[in-house]
Amino acid sequence: PRAPLDPVQAAFAGLQDSAAAAGFPYHDGQTPAEFAAALLARLGESAGDIRGAVERLARLFAARQYGGPVAGAAADEARAAWEAARRPLHRLAWRRRLGRRADETSPSATDGPAEVR
């Protein structure tokens, strides 16, 4: 059995999963920094507010993977960075599912499906 992910690993896995759902998958052999750079380049100006969070997550994950277990402060920083990136990436995934471009701002494209009663 695999060991459970620590907070930094879990945050980066969330970033990878959400980026893939939005059409920006991680590619085998990419370093965390290469993945972040490619994601941000593909997002272009629409990366906006998540740029710092994505770069932080890549830096923290690389330090974790290549340097060993992380301290509590790094875990907290990873959680905060993931929280900052999570919603915008989920919105991009919804836009992709709905066939909209990543730079559209239509509320119907950003909020997910309507609630059915």
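## A tour of the packed helices

Start by selecting helix 1 and helix 2, whose crossing is left-handed (the near helix is turned anticlockwise from the far one by less than a right angle; clockwise would be right-handed). Helices here are DSSP runs of H or I with at least four residues, numbered from the N terminus. You are looking at a predicted model, where local features need pLDDT of at least 70, side-chain atom pairs count only at pLDDT 80 or more, and totals for chains, interfaces and linings use all residues. Residues are numbered from 1 along each chain as its sequence is written, and side-chain values use heavy atoms, leaving out hydrogens and water.

Stay with this pair: the axes come within 12 Å and cross at roughly 40 degrees (axes are lines fitted to C-alpha atoms over the stretch in contact, and angles run from 0 to 180 degrees between N-to-C directions). Now show F12, L15, Q16 and A19 of helix 1, which meet P32, F35 and L39 of helix 2; contact means heavy atoms within 4.5 Å.

Next, select helix 3 (residues 51-67), which packs against helix 1 (residues 7-21) at about 130 degrees, with the axes 9 Å apart. Helix 1 also passes helix 3 in a left-handed crossing. On the helix 1 side, the contact is made by V8, Q9, A11, F12 and L15.

Then click on L15. Leaving aside residues up to four places away in sequence, L15 touches F35, L39, V54, L57, W82 and L89.

Key
Helix = DSSP H or I, 4+ residues; strand = E, 2+ residues; numbered from the N terminus.
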